[in-house]
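Hi there,

Here is the model I promised to pass on. Have a look at it first, and my notes follow below.

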Amino acid sequence: MDQRNLLLAIFLSLAILIGFQMIFPPATPPEQPSPGSAGDTTAGSAPTLTPGTPSPSGGVSVPGSDPAQSRDEMIGISPRIAIETPRLTGSISLRGARIDDLVLTRYRETQDPKSPQITLLSPEGSPSAYFSRFGWAAAGNGVTLPKADTIWESEGGSLTPTSPVTLRWNNGEGLTFEQVFAIDENYLFTITQRVINDSGETVNLAPFGLVSRSGTPEILGFYILHEGPLGVLGETLKEVDYEDLKDSYPGPGPNGEVVIANDTIGGWLGITDKYWLTALVPDQNAEVKTRFVYTQPNGRDNYQSDLLYPPAAIAPGAAVETTSRLFAGAKQVPLLERYQDELGIVNFDLAVDFGWFYIITKPIFWALHYLNAWFGNFGLAILGLTVVIKLIFFPLANKSYKSMAKMRKLQPKMMELRERFAEDKQRLNQEMMALYKQEGANPLSGCLPILIQIPVFFALYKVMFVTIEMRHAPFYGWIKDLSAPDPTTILNGFGLLPWDSPDLGALNLLNIGIWPLLMGISMFLQQKLNPQPPDPVQAKIFLMMPVVFTFLLATFPAGLVIYWTWNNVLSMAQQAFIMKRHGVPIGSGKQQSSEKDDD
């Protein structure tokens with residue numbers, strides 16, 4: 001009974017681990033379609049912000065735009081205002097007043113310091129176009145509005161944290177439109193939209209903002225990570241997959257738009273990658289209409305998140321302004337939480353996919369964050385966190401190990417009972433339970449350490465997988481990225497040969513590094529401290545468990561394998577100490593003649 005329960009616990013944990021690797025493997029990255037276009041709004045009380053839809057305010061084409069042109073060529077087509085901050089470089093296009101050229105200066109594509117910096121936003125007409133634009137929709141016909149190809153006049157020099165810029169356009173009918181762009185030292189733009197009415201008539205205009213992305217980006221395709229449109233609307237997190245939008249096409253819109261609409265007060269919405277986010281943040285006290293939209297202009301995928309304020313009546317001689325924000329940068333948890341607290345942005349930290357186990361993953365992240373600040377290394381922070389977790393669960397684990405020590409002392413009696421009642425399973429179970437009760441032993445004691453470790457293991461896995469703070473975080477020796485698998489494998493002589501281990505696809509399980517081997521050895525040694533199964537078949541299965549886990553964890557992030565190995569070492573030390581106190585020999589199935597009192 002006891003061995004079956006323990007075996008069941010181990011197989012359940014193994015099934016969960018394998019499930020993450022096998023049931024939800026990384027999907028094959030979709031082919032990158034050519035970019036589409038994103039354009040203007042349609043007049044009306046509920047303007048259509050779908051890209052590619054003609055409107056009374058003008059067409060949506062950008063002169064000179066050619067999907068075959070490079071990003072640099074498209075940037076050169078339009079007059080621009082430079083963006084210069086400690087963390088961002090790029091520019092705002094005066095054609096359409098788009099924020100469509102952003103590079104993250106503190107992040108690179110690989111660990112190589114000479115690799116390209118991360119490009120976040122790119123202009124329309126370039127491959128993988130991705131940009132943001134703010135404008136106005138008319139609540140009635142007859143008002144000339146700035147269009148996607150309108151050339152704005154600029155006031156000011158480059159956009160920096162200390163120098164905002166103003167873009168201005170007059171429609172020739174008495175309406176002056178202004179957009180004031182400001183930026184902080186991180187990734188937050190503040191956009192103030194202002195309309196000055198000198199037309200002599202009252203006009204009704206509704207400000208809008210949009211984030212548009214052409215082409216389906218390459219995604220990892222993991223079940224535990226959301227990539228695509230998302231937002232917190234009505235204080236509820238909304239996540240929409242790229243594939244779900246594509247599968248719903250054509251939708252009910254006049255151009256086949258697929259639209260997911262929500263009304264909200266406050267909140268935010270945008271499009272996220274694993275580590276990067278582009279999100280619209282409306283006035284947190286205003287009621288706005290929001291949408292996630294998918295279209296296929298010219299057969300190309302186009303995704304859009306947009307928001308629309310209620311129409312405002314602007315009397316002659318009056319001016320009305322609306323302030324929105326745009327986050328475009330790295331999803332650093334402390335930064336997101338700072339914006340959340342200072343600006344009242346509802347649940348802005350949910351841009352990082354902490355998942356269903358938020359109550360565990362978030363505290364683990366902050367524990368690692370503070371320990372890293374203390375130790376100066378995330379690897380040491382993981383080791384420190386393991387010690388903290390062991391201390392928290394010490395009373396529970398201590399009780400479990402005491403019970404396991406008693407179980408090991410009872411093995412000779414258990415073997416005797418199995419021999420006496422080999423033909424009577426019911427009587428054998430009765431006698432076993434009587435023996436457990438008499439000696440105060442718990443046959444489920446071996447399951448507890450594993451059950452405790454599983455939620456922590458997956459919470460740590462989630463933190464290492466989704467947080468940018470763990471990206472390219474080095475340890476000591478050959479571990480240069482704790483969020484990636486151990487780079488030393490059998491196929492490169494454990495790092496001694498001058499080449500990287502080749503990608504073997506499903507056979508990557510064979511690429512076993514040094515840390516997975518250390519983990520397997522520690523698991524094997526820990527297994528020797530546990531009560532050994534009397535059944536030879538079970539004993540062989542148990543003997544195979546360290547081997548199976550070694551191959552399985554070879555593909556997991558190195559930081560996770562380091563955690564598991566260190567946890568095994570601490571568990572062995574704790575278990576050996578308790579066994580010694582209770583007179584149970586270490587590494588032998590024989591019982592010592594002199595036994596200390598259990599208490």
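One definition to begin with: buried means under 20% relative accessible area, exposed means over 50%, and partly exposed lies in between (1.4 Å probe, protein chains only). At 42% relative accessibility, P86 therefore counts as partly exposed.

Please keep in mind that this is a predicted model, in which local features need pLDDT of at least 70 and side-chain atom pairs count only at pLDDT 80 or more, while totals for chains, interfaces and linings use all residues. Residues are numbered from 1 along each chain as its sequence is written, and side-chain values use heavy atoms, with hydrogens and water left out.

Back to P86 and the strands around it. Helices (H or I, at least four residues) and strands (E, at least two) are DSSP runs, numbered from the N terminus; two strands pair if DSSP finds at least two bridges between them. P86 sits in the loop between β1 and β2. Leaving aside residues up to four places away in sequence, P86 touches T105, R106, P161 and E185, where contact means heavy atoms within 4.5 Å. Its C-alpha atom is 9.4 Å from that of L104, 18 residues apart along the chain.

Strand β1 (residues 80-84) pairs with β2 in the antiparallel sense over five bridges, and A82 stands opposite S91 in β2. The two strands form a hairpin with three residues between them. β2 also pairs with strand β3 (residues 98-108), again antiparallel, over six bridges; here I92 has I99 in β3 as its bridge partner. This second hairpin has four residues between its strands, and G96 in the turn has a positive phi of about 90 degrees. Five of the six residues of β2 (residues 88-93) are buried, so this strand is largely enclosed by the rest of the structure.

Next, the nine-stranded sheet. It is open and antiparallel, with the order β6-β7-β8-β9-β19-β15-β14-β11-β12. β6 (153-155) and β12 (236-239) are at the edges with a single partner strand each, so one side of each has no neighbour in the sheet. Neighbouring strands are turned by 20 degrees against each other on average, direction ignored. (Axes are lines fitted to C-alpha atoms, for helices over the stretch in contact, and angles run from 0 to 180 degrees between N-to-C directions.) Helix α4 (residues 333-343) packs on this sheet, touching β9 (188-197) and β19 (319-330), and its direction makes about 160 degrees with that of β19.

What about the helix pair α5 and α6: at what angle do they pack? Helix α5 (residues 358-375) and helix α6 (residues 378-392) pack at about 120 degrees, with axes 8 Å apart. That makes α5 oblique to α6; angles under 35 degrees count as roughly parallel, over 145 as roughly antiparallel, 65 to 115 as roughly perpendicular and the rest as oblique. Among the residues that meet are I364, L368 and F375 in α5 and F378, I382 and L385 in α6.

Finally, some backbone details. Most residues other than glycine have a negative phi, and most peptide bonds are trans. The bond from Y249 to P250 is cis, with omega near -5 degrees, and P250 lies in the loop between α3 (242-247) and β13 (258-265). N298 has a positive phi near 55 degrees and, at 67% relative accessibility, counts as exposed. N347, in the loop between α4 and α5, has a positive phi near 50 degrees.

Best wishes
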